[in-house]
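Here's a quick briefing to read with the model open beside you.

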Amino acid sequence: MVGLGTWSLTRAALIILLLPRSLEECGRISSSVPIVRLGDAITVSCIVNQNCSHLGPEAQILWKLGAELQPGGRQQHLPGGAQESTITLPHVNDPWTLLSCCLLWGDSLQILDQVELQAGYPPFAPYNLSCLMNLTTNSLTCQWEPGPDTHLSTNFTLKGFKSRGNCQTQEEAIPDCVPKDGQSRCSIPRKHLHLYQTMGFWVQAENALGTSVSSQLCLDPMDVVKLEPPTLRALDPGPEAAPPQQGCVQLQWESWRATLYIQQKCELRHQPQRGEATWTLVSPLPSKTLQHELCGLLPSTAYSLQMRCMRWPLTGHWSEWSPSLELSTPQQAPSVRLDTWWRQRQRDPRTVDVQLFWKPVPPKEDREQIQGYLVSWRPSDQAGAVLPLCNTTELNCTFQLPTEAREVALVAYNTAGTSHPTPVVFLESRGAPLDGLHTMALDPHSLWVGWEPPRPQPQGYVIEWGLGTPSPSSSHKTWKMEHNGSITGTLLQENIRPFQLYEITVTPLYQDTRGPSQNIYAYSQEMGPSHAPELHLKNIGKTWAQLEWVPQAPELGKSPLTHYTIFWTNVQGQSFSTVLNASSHGFVLHSLEPASLYHVYLMASSQAGATNSTSLTLMTLALDVSELHIILGLCGLLLLLTCFCGAARFCYRPRKNPLWPSVPDPAHSSLGSWVPTMAEEVFQLPSLWDPSMPPITKITVLEEEEKKPGPWESSDSSGTCGLPTLVQAYVLQKDPRAPSLQPQSQSGTSDQVLYGQVLGSPTQPGPGHYIRCDSTQPLLGGLTPSPKSYENLWFQTSPLRTPEPNQEDDCVFGPLLDFPLLQGLQVHGVEGLGGF
């Protein structure tokens, strides 16, 4: 912050020096407060004195915050000719910014004065105050956490006083301790401390916006003493001293001279340098003798050791860990147990070849200190003589022995000595064999082998496994020994690879003999079929093809087949498939197209995978000429039959006599619902026999829903001769029986025919209503002779019922009987008119 402020002041001074000479004493900025809280408002004013009056009485003062113009400046004239502009910034959001007072001079802004605006937060209270008494520097060093950044220059001061008890009373203040810039710790010299008495300490933080203090820490400087770490080294035993025990080292350390008279306790930690070993802590260590024998270490191993101390029994703090001491433990003779196994092969009648195998137990830690193995034989006829058979660093050895030799000795050695001899006795196979042997692959990298223990129970078992067929002289087999004779199986995980055939041999071991070896073969993981059977075309037709194949014989290590799948594809790219069981050896493809090309292949599947056969291409047979003729004939016959049925339906469809012209039916045309928009006139319907009334061409009688007369209806029907309740009729005002002197004209050029609509009720007294229409639509295009009664049976009277005409029928329908086309008209709703 200090550097930033210095740079801004330099920049402001440089800007003022670059101002024109006439503007140097022109304006001045004054602020209400130099530093504000981040986000608060600030008010700043700029006064332009009378020396700048030649710039104009109405000169405009503007404000710039950084590089942006700020609106809201309030400008006013002061007594004496000076002008003042005041601006209030509602929020100061930058920890540091530059505010400029400018004068608009022509088209450019001229800076009159600038001021720095600083914003931040009051200091936060320091926390985590702790102190340590360092006897090396003879001072009390305290450190604390300053808290979040305030964006302002904040000063921290470590304060303290001498007191008694719980620091409730302050006796004497000590000089303040001011840390260096950027540091959160401070050291108080010994001369200002009061040892073995309580003292109070706290930290005060102060900046331009306020002051805060930490919580008070009350302590005795000697209770927080932190010792310097001791100097650790290995103790070399003298020539007359006894050598250290195996796995032990002698250590010695030296305390710092300023703490020689302080009673303290120490602790030691160590870890092997190899791998990612953790530290092992050893405490407490005696502080008077300054020596310690550390045991339990691994032989011939490099270690790192560190040590620290503290005041004891008085309170204090642990020192830092001393620098690491690197040392290696001495080597010792191997102390491992060796498991052994062998194979023998008769070389000649007096000599046998022996292949001996062994494994150190435990297998790893002690093997690294073993430099080699030695196999020796002590002949029985040579007292005290030991003949070495082989000296090797491997875990097996091949040598020759006389036939009568029954035992050899095996030892492991290094520079420190040899292990205890392990006797190897070549036992004869006279024990009981296993009752059963079985195996199972649990995963691709392990095999489970199980057996049924014989009687009596063996003392242990030897399990051997390797790739391929058995070979007595093979040395690439893996083996292990199980010393528990009651187990019934073991898991083989060493040197097991997927999809490989393994030979597993199990031999029971007894007290002075061994049982016969039994072996079994197993795959670590079964594979899918290596290839699918080859497809053969046995027979083919126009729409079918018969396929066959020879199933493959079961293979070792291959999972049994579960099913077959046949796929075939035509030239259009359409694919078809079917699934068959594993016992199938043939299939017939149906619904094929004649003379078409197909690609067929067979897929054999098992639980471990699937594989495809080679593709078979076949073409179906084409149709014969005779078959083609038959198909074309059948198609032609079907087409002829279809045409015949259509013609018969057309010929037998009921239709009108083409010799008669089509007569329009006004009752079933649009005239039935057409109502003219003309005035309704009353039409008196006289007796239908009145010669002055034109004959009625057609009458349509609508039935009324209620047959019974209402109270408004009259029983007198003499004037209407028993007409229905509602009668709507079209009246042709022309005599159809009048001879036509002119030839028949077209409907479009015929004379005007007047129609009328008669509305009336037989039960209502008084005249009916007649609606007249001037329509040019002819009712009948022309008068044609009526057919005779024998020409159309529909016009004949029913033979079962011959109605006798009465006077009422003649009254209404007498004139209608003379009209040919209306002889068959049935008027419903009138009693006694069942037919003519």
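## Cysteines, charges and a helix

Cysteine 390 and cysteine 397 form a disulfide, with their sulfur atoms 1.9 Å apart; a disulfide here is a pair of cysteine sulfur atoms within 2.5 Å. Bear in mind that this is a predicted model: local features need pLDDT of at least 70 and side-chain atom pairs count only at pLDDT 80 or more, while totals for chains, interfaces and linings use all residues. Residues are numbered from 1 along each chain as its sequence is written, and side-chain values use heavy atoms, with hydrogens and water left out.

**Disulfides**

- Searching the whole structure turns up seven disulfides.
- Cysteine 390 is buried, and cysteine 397 is too; buried means under 20% relative accessible area, exposed over 50%, and partly exposed in between (1.4 Å probe, protein chains only).
- Cysteine 167 is joined to cysteine 218 by a disulfide, S to S 2.0 Å.
- The torsion about that S-S bond, between cysteine 167 and cysteine 218, is about 80°, so this disulfide is right-handed.
- Cysteine 167 sits in the loop between β12 (155-162) and β13 (172-177) and cysteine 218 in strand β17 (residues 217-219), so the pair ties together parts that are 51 residues apart in sequence. Strands (E, at least two residues) and helices (H or I, at least four) are DSSP runs, numbered from the N terminus.
- Cysteine 167 counts as buried at 7% relative accessibility, whereas cysteine 218 counts as partly exposed at 33%.
- Another disulfide links cysteine 177 to cysteine 186, S to S 1.6 Å. The link of cysteine 177 and cysteine 186 is left-handed, with -75° about the S-S bond, and both cysteine 177 and cysteine 186 are buried.

**Cysteines without a partner**

- For cysteine 102, the closest cysteine sulfur is in cysteine 101, 6.6 Å away, which is too far for a bond. Cysteine 102 counts as buried, at 0% relative accessibility.
- Cysteine 643 is in no disulfide either; the nearest cysteine sulfur, that of cysteine 645, is 9.3 Å away. At 48% relative accessibility, cysteine 643 counts as partly exposed.

**Salt bridges**

- The whole structure has 14 salt bridges, each a side-chain nitrogen of Lys or Arg within 4 Å of a carboxyl oxygen of Asp or Glu.
- Lysine 162 pairs with glutamate 172 in a salt bridge, the closest N and O atoms being 4.0 Å apart. This pair links distant parts of the chain, with lysine 162 in strand β12 and glutamate 172 in strand β13, 10 residues apart.
- Lysine 162 counts as buried at 17% relative accessibility, while glutamate 172 counts as partly exposed at 44%.
- Glutamate 428 and arginine 430 make a salt bridge, with their closest N and O atoms 3.9 Å apart. Arginine 430 counts as exposed at 62% relative accessibility, and glutamate 428 as partly exposed at 41%.
- Lysine 480 meets glutamate 482 in a salt bridge (3.4 Å, N to O). Glutamate 482 is buried, with a relative accessible area of 19%.

**Helix α2**

- The 27 residues of helix α2 (residues 625-651) should span 39 Å at 1.5 Å a residue, and the end C-alpha atoms are 39 Å apart, which agrees. The expected span of a helix is 1.5 Å times one less than its number of residues.
- Of the 27 residues of α2, the number buried is zero, so α2 lies largely in the open.
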